[in-house]
Amino acid sequence: MGGMSRRKGCVGERELVQELNSRGLLCHRTAQRRGDLGGAADVECEAMPLHIEVKRCERIHLWDWVDQCQRDAKGEPFVIMHRSNGRPWVAIMLLPQWLNDSQAAACARAHRSNLLGLCGNEAL
């Protein structure tokens, strides 16, 4: 991967984290916390047990991405978050996980609310 593509990927991860946090989740980039971990998820959201892979590119390589996530997630549920220039974020996941997705997001929002309730009005 070239430097320009890698930078676009990092910017995409930051964009997604900001978007998810603004929607009530508590997320962070994994590379910024622990360094580049190879098969680790690109983004983690507390209390949301999903391997999150971020793809910020123009061309869609759906089945390559799905195969990569299945390898990296090691049997755990995953979601591919994709955005191309001038377009909104799109979530790509397998049907069984999609059926459970709204419950996972609700649990993650409740987790953040509980933390904020315990910590007062301090920003996390």
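Student: How many disulfides does a search of the whole structure find?

Tutor: One. A disulfide here is a pair of cysteine sulfur atoms within 2.5 Å. Keep in mind that this is a predicted model, where local features need pLDDT of at least 70, side-chain atom pairs count only at pLDDT 80 or more, and totals for chains, interfaces and linings use all residues. Residues are numbered from 1 along each chain as its sequence is written, and side-chain values use heavy atoms, with hydrogens and water left out.

Student: Which cysteines form the disulfide?

Tutor: Cys27 and Cys45, with their sulfur atoms 2.1 Å apart. The pair links distant parts of the chain. Cys27 is in strand 1 (residues 27-29) and Cys45 in strand 2 (residues 43-45), 18 residues apart. Helices (H or I, at least four residues) and strands (E, at least two) are DSSP runs, numbered from the N terminus.

Student: And why is the disulfide right-handed?

Tutor: Because the torsion about the S-S bond of Cys27 and Cys45 is about 100 degrees.

Student: Is Cys27 buried or exposed?

Tutor: Buried, and so is Cys45. Buried means under 20% relative accessible area, exposed over 50%, and partly exposed in between (1.4 Å probe, protein chains only).

Student: What does Cys27 touch?

Tutor: Leaving out residues up to four places away in sequence, Cys27 touches Val17, Leu20, Asn21, Val43, Glu44 and Cys45. Contact means heavy atoms within 4.5 Å.

Student: Let's zoom out. How many helices and strands does the chain have?

Tutor: Four helices and five strands. From the N terminus on, the order is α-β-α-β-β-α-β-β-α.

Student: And what share of the residues counts as buried?

Tutor: 35% of the 124 residues. The accessible surface of the chain is about 7,900 Å². Carbon and sulfur atoms hold 53% of that. Those areas come from the Shrake-Rupley method with a 1.4 Å probe; for residues, only the protein chains shown count as cover.

Student: Which residues in the largest nonpolar core touch the most other members?

Tutor: Leu16, Leu25, Cys27, Val43, Cys45, Met48 and Ile52, out of 17 residues in that core. Helix 1 (3-22), strand 2, strand 3 (51-55), strand 4 (78-82) and helix 4 each supply at least two of its residues. A nonpolar core is a set of buried Ala, Val, Leu, Ile, Met, Phe, Trp, Tyr and Cys residues joined through side-chain atoms within 4.5 Å.

Student: What lies apart from that core?

Tutor: Another core, of seven residues. Among them are Val66, Cys69, Phe78 and Ile80. In soluble globular proteins, nonpolar side chains tend to be buried together.

Student: OK, which residues form a nonpolar patch on the surface?

Tutor: Ile60, Leu62 and Trp63, with about 330 Å² of accessible area together. Patches are made of residues with over 30% relative accessible area and no salt bridge; like charges are joined within 9 Å, and nonpolar side chains (Val, Leu, Ile, Met, Phe, Trp, Tyr) within 5 Å. Trp63 sits in helix 3 (residues 62-73). Trp63 is exposed, at 58% relative accessible area.

Student: New topic. How many salt bridges does the structure hold?

Tutor: Six. A salt bridge is a side-chain nitrogen of Lys or Arg within 4 Å of a carboxyl oxygen of Asp or Glu. One of them joins Glu15 and Arg83 (3.0 Å, N to O). Glu15 lies in helix 1 and Arg83 in the loop between strand 4 and strand 5 (90-92), so this pair ties together parts 68 residues apart in sequence.

Student: Is Arg83 buried or exposed?

Tutor: Buried, at 14% relative accessibility. Glu15 is partly exposed, at 25%. Glu15, Arg56 and Arg83 are linked in a network of salt bridges.

Student: And where do Glu19 and Arg23 come in?

Tutor: Their side chains meet in a salt bridge (2.6 Å, N to O). Arg23 is exposed, at 56% relative accessible area, while Glu19 is partly exposed, at 29%.

Student: Which residue forms a salt bridge with Lys55?

Tutor: Glu53, with the closest N and O atoms 3.6 Å apart. Lys55 and Glu53 are both buried.
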